[in-house]
Amino acid sequence: MPVQDSILAIIRKRPGTHKHTLCDVFHLTRYRLHRVFRHIARELQGQTLIHDDEHGVWILDMDPGKCSGTDWVGADKGGHRQCVREPEFPDGCCYLHSHWENPEMIAFERRLHCLTGPRDPSAERLSELSLPILEELRNELWTISPRTLRDHEAKLAFLRMLTAATARRRYKDELRRRHEEPQMPPEFARRHRMSSGSPFEFVLRKHFECLELPCTATKEQVLQAWRRLARLHHPDMADGSEEIMKTINLAKEKIFSIRCWNRPKRRSKTE
């Protein structure tokens with residue numbers, strides 16, 4: 001008896017047999033077993049073959065006048081049951097089970113793939129687009145009317161993706177704007193600088209803040225803070241950063257230069 005007939009006999013005798021059992025009994029790979037399933041499905045008259053990894057393999061009698069979709073009702077109730085709704089789409093299924101896709105949704109998904117490159121669309125990839133393009137995509141998606149449940153779920157997924165991408169794009173633009181703009185308006189910065197007791201006091205405050213120290217810190221405290229931060233941010237460390245290390249070194253050098261701590265001590269005349 002051919003393998004195809006043997007597998008069909010087992011399925012009819014024991015509905016719900018798992019695919020891994022059939023693979024072990026007949027020494028087949030999953031790919032080969034699925035090819036056998038396709039041959040069996042073509043020869044069935046008025047019936048359909050249903051198989052999945054969770055519920056096993058079943059053969060179900062089908063009414064051609066009803067939806068060709070099926071629902072799982074439990075192994076004790078016969079496994080699968082044909083949907084009783086009338087077919088509404090070219091694939092012979094109803095709104096819940098049809099895999100027919102709206103041409104507008106297909107075109108929209110292709111546009112997303114075109115905009116995000118060879119990789120699948122994601123919120124991270126879409127956030128690289130500009131805000132006007134993201135708003136245009138959202139407005140275009142709102143005009144598409146889902147025809148099936150699959151279309152409706154796809155539309156909701158795309159809306160969530162575009163919403164997350166828009167929020168991410170706005171966050172990036174805000175960070176860029178803050179980085180480009182000065183931390184303090186020029187008129188306030190000049191007024192603050194002129195109100196300092198020393199012309200270098202404004203610069204010193206910035207460098208002391210970089211080392212996480214008050215302006216009254218001593219030479220030893222500056223050295224201790226510099227060594228502590230250098231151990232954290234040195235490029236050789238796992239979380240090190242060359243830019244942060246440059247900022248720390250510059251702050252230490254400027255403080256020593258302005259406070260004249262790097263000058264050698266003068267010898268007294270008696271020495």
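1. pLDDT is the predictor's confidence in each residue, on a scale from 0 to 100. You will need that idea here, as this is a predicted model. Across the protein the average pLDDT is 84, and 87% of the residues score at least 70. Confidence is highest in helix α6 (residues 131-142), with a mean of 93, and lowest in helix α8 (residues 186-194), with a mean of 56. Where pLDDT is low, the predicted coordinates should not be read in detail.

2. Now for the overall picture. The protein has eleven helices and four strands. Of its 271 residues, 29% count as buried. The protein exposes about 18800 Å², and carbon and sulfur atoms supply 53% of that area. If you look at contacts with a separation of 6 or more, residues 24 or more positions apart account for 46% of them.

3. Next, look inside. In soluble globular proteins, nonpolar side chains tend to be buried together. The largest nonpolar core in this model has 15 residues, and Ile-7, Leu-22, Leu-33, Phe-37, Ile-40 and Leu-49 have the most contacts inside it. Helices α1 (3-13), α2 (19-26) and α3 (30-43) each supply at least two residues of this core. There is also a second, separate core of 14 residues, including Leu-112, Ile-144, Phe-158 and Ala-165.

4. Which residues is Leu-22 in contact with, leaving aside its neighbours within four places in sequence? They are Ile-7, Ile-10, Thr-17, His-27, Leu-33, Phe-37 and Val-57.

5. Let's move on to Thr-116, which is found in helix α4 (residues 103-116). Is Thr-116 buried or exposed? Its relative accessible area is 10%, so Thr-116 is buried, the cut-off being under 20%. A polar atom of the Thr-116 side chain lies 2.8 Å from the backbone oxygen of Leu-112, and Leu-112 belongs to the second core mentioned above. Not counting residues up to four places away in sequence, Thr-116 touches Pro-121, Arg-125 and Leu-126.

6. Finally, have a look at a hairpin. Strand β3 (residues 70-74) pairs with strand β4 (residues 79-82) in the antiparallel sense, over four bridges. Trp-72 has His-80 in β4 as its bridge partner. Four residues sit between the two strands of this hairpin, and Gly-78 takes a positive phi near 105°.

Conventions
Residues are numbered from 1 along each chain as its sequence is written. This is a predicted model: local features need pLDDT of at least 70, side-chain atom pairs count only at pLDDT 80 or more; totals for chains, interfaces and linings use all residues. Side-chain values use heavy atoms; hydrogens and water are left out. Two strands pair if DSSP finds at least two bridges between them. Buried means under 20% relative accessible area, exposed over 50%, partly exposed in between (1.4 Å probe, protein chains only). A polar contact is a pair of N or O atoms within 3.5 Å; within protein, one must be able to donate a hydrogen and the other to accept it, and residues adjacent in sequence count only if both atoms are side-chain atoms. Contact means heavy atoms within 4.5 Å. A nonpolar core is a set of buried Ala, Val, Leu, Ile, Met, Phe, Trp, Tyr and Cys residues joined through side-chain atoms within 4.5 Å. Accessible areas come from the Shrake-Rupley method with a 1.4 Å probe; for residues, only the protein chains shown count as cover.
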